[in-house]
Amino acid sequence: MKATWFSFTGQTRLIVGPIDTTGLTSLALEFKHLFDDYGVGITAKIQSSADATTWTDEAFSFPSGGGNVSGTVNTTIAKDVGTTTYIAWV
């Protein structure tokens, strides 16, 4: 995914799913990223959903304005894990 700066108020999601999570209580998620920080006003985060409509914030998030952020992230998806789970980078 590549997102580019744009002057508007809103929310953008890159949604992965549906993932069959029958019998699971959590998922391990690993990804690499580069956040080229232009300034304050954005919160990058991971969300999960059981229906791709109602979204819940997961543990990973960071606000913009602190400088560029990059690296490998290992986090756990622990909410909305049931029969089907959707994951989104927001």
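**Close-ups of loops, sheet and rings**

**View 1. Ala-52 sits in the loop between E3 and E4.** Strands here are DSSP runs (E, at least two residues), numbered from the N terminus. This is a predicted model, so to speak of local features we ask for pLDDT of at least 70, side-chain atom pairs count only at pLDDT 80 or more, and totals for chains, interfaces and linings use all residues. Residues are numbered from 1 along each chain as its sequence is written, and side-chain values use heavy atoms, with hydrogens and water left out. Phi of Ala-52 is near 65°, a positive value in a residue other than glycine. At 32% relative accessibility, Ala-52 is partly exposed (buried is under 20% relative accessible area, exposed is over 50%, partly exposed is in between; 1.4 Å probe, protein chains only).

**View 2. Asp-80 has its place in the loop between strand E5 (69-77) and E6.** Here too phi is positive in a residue other than glycine: for Asp-80 it comes out near 60°. With a relative accessible area of 28%, Asp-80 is partly exposed.

**View 3. An open sheet is built from 4 strands in the order E1-E6-E3-E4.** The pairing is antiparallel (two strands pair if DSSP finds at least two bridges between them). Strand E1 (14-20) and strand E4 (56-63) each have a single partner strand, so one side of each has no neighbour in the sheet. On average, neighbouring strands of this sheet are turned by 15° against each other, direction ignored (axes are lines fitted to C-alpha atoms, and angles run from 0 to 180 degrees between N-to-C directions).

**View 4. Strands E3 (residues 43-49) and E6 (residues 84-89) run antiparallel and are joined by 4 bridges.** Look for Ser-48, which stands opposite Ile-87 in E6.

**View 5. The peptide bond from Gly-17 to Pro-18 is cis.** Its omega is near -5°, and Pro-18 is found in strand E1.

**View 6. Ring pairs link Phe-31, Phe-35, Phe-60, Phe-62 and Trp-89 into a cluster.** The structure holds 4 aromatic pairs (rings of Phe, Tyr and Trp, its six-membered ring, pair if their centres lie within 6.5 Å; planes under 30 degrees apart are stacked, over 60 edge-to-face, the rest tilted). Phe-35 and Phe-62 go edge-to-face, 5.2 Å centre to centre and 80° between the planes. Phe-35 lies in strand E2 (residues 27-35) and Phe-62 in strand E4, so this pair ties together parts that are 27 residues apart in sequence. Both Phe-35 and Phe-62 are buried. Phe-60 and Phe-62 are edge-to-face because their ring centres are 5.7 Å apart and their planes stand at 80°. Phe-60 is buried at 16% relative accessible area, and Phe-62 is at 13%.
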